[in-house]
Amino acid sequence: SQVKTQEVMQTELGVWGREALFLPEYEWAGFEETLPDPESAAERLAVLKELHEITREKGEAIVVLTAESLSESAPPPGSLTRQAETLKPGDKLDLDSFAARLEAAGYEGEAQVYQRGQFALRGGIIDVFSWQALHPTRIELFDNEIESMREFDIDLQTSIGKVASCEILFSEANLEQS
């Protein structure tokens, strides 16, 4: 398969001392689907953002992809960075206005986060599953200051570990343009 060949090529480049990014194809749940699988879309967004950061820093990057992934749309360079906000402990955060910004960006308020594009607000805690993230983040506040942040498992709702920062992507709907 093309994907297997893509994986072998990325590994071979690593053997020769050249780090390469692996740009995945979108996966579709069925032939009638109009939207890609959220997991593959998030993985693709994360790789595209990393690609932009590497090329901005080093001027170039190696990307291994299939003909199919090359033909799929991608956000304009830099749009993921422009539409993201990085939060870290010590930052001030007004939960009500943050929740309103999330809703305006297309996030859905839920009692419990179980998929990308959702958030849950409980007292001084907000759980957010950003569009490009591998895991959701639980942000705990003391008054209006971020006290701690942890990634957590969506099935068990238990902590995976503390994180020094988290990035929230505020616009997912308008990214697939080029």
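## Exercises on a predicted model

An open sheet of six strands, with mixed pairing, runs in the order S4-S5-S6-S7-S8-S9. Strand S4 (108-109) and strand S9 (159-162) are the edge strands; each has a single partner strand, so one side of each is left without a neighbour in the sheet. Keep in mind that this is a predicted model. Let's work through it together.

**Exercise 1. Find how S8 is joined to S9, and name the partner of Glu151.**

Step 1: Locate strand S8, which covers residues 145-152.
Step 2: Look at the bridges. Three of them join S8 to S9, and the two strands run antiparallel.
Step 3: Pick out Glu151. The bridge partner of Glu151 is Gly161 in S9.
A reminder that helps here: strands of a sheet pair through backbone hydrogen bonds, either parallel or antiparallel.

**Exercise 2. Work out which strands helix H5 lies across.**

Step 1: Find H5 at residues 95-104.

**Exercise 3. Decide whether Gln118 is buried or exposed, and describe its surroundings.**

Step 1: Gln118 belongs to strand S5.
Step 2: Check the relative accessible area, which is 0% for Gln118. Buried means under 20%, so Gln118 is buried.
Step 3: Follow the side chain. The side chain of Gln118 reaches the backbone nitrogen of Tyr114 at 2.8 Å, and also the backbone nitrogen of Gln115 at 3.0 Å.
Step 4: Look further along the sequence. Leaving out residues up to four places away, Gln118 touches several residues, among them Tyr107, Glu108, Asp127 and Phe129.

**Exercise 4. Describe helix H1 and the setting of Met9.**

Step 1: Count and span. H1 (residues 2-15) has 14 residues and reaches 20 Å from its first C-alpha to its last, close to the 20 Å expected at 1.5 Å a residue.
Step 2: See what comes after. H1 is followed by Gly17, whose phi is positive, near 80 degrees.
Step 3: Find Met9, which lies in H1. Met9 has 45% relative accessibility, so this residue counts as partly exposed.
Step 4: Look across to Leu65. Met9 and Leu65 are 56 residues apart in sequence, and their C-alpha atoms are 9.3 Å apart in space.

**Exercise 5. Summarise the whole protein.**

Step 1: Count the elements: five helices and 10 strands.
Step 2: Note that buried residues make up 37% of the 178 residues.

Technical notes: Residues are numbered from 1 along each chain as its sequence is written. This is a predicted model: local features need pLDDT of at least 70, side-chain atom pairs count only at pLDDT 80 or more; totals for chains, interfaces and linings use all residues. Side-chain values use heavy atoms; hydrogens and water are left out. Helices (H or I, at least four residues) and strands (E, at least two) are DSSP runs, numbered from the N terminus. The expected span of a helix is 1.5 Å times one less than its number of residues. Two strands pair if DSSP finds at least two bridges between them. Contact means heavy atoms within 4.5 Å. Axes are lines fitted to C-alpha atoms, for helices over the stretch in contact, and angles run from 0 to 180 degrees between N-to-C directions. Buried means under 20% relative accessible area, exposed over 50%, partly exposed in between (1.4 Å probe, protein chains only). A polar contact is a pair of N or O atoms within 3.5 Å; within protein, one must be able to donate a hydrogen and the other to accept it, and residues adjacent in sequence count only if both atoms are side-chain atoms.
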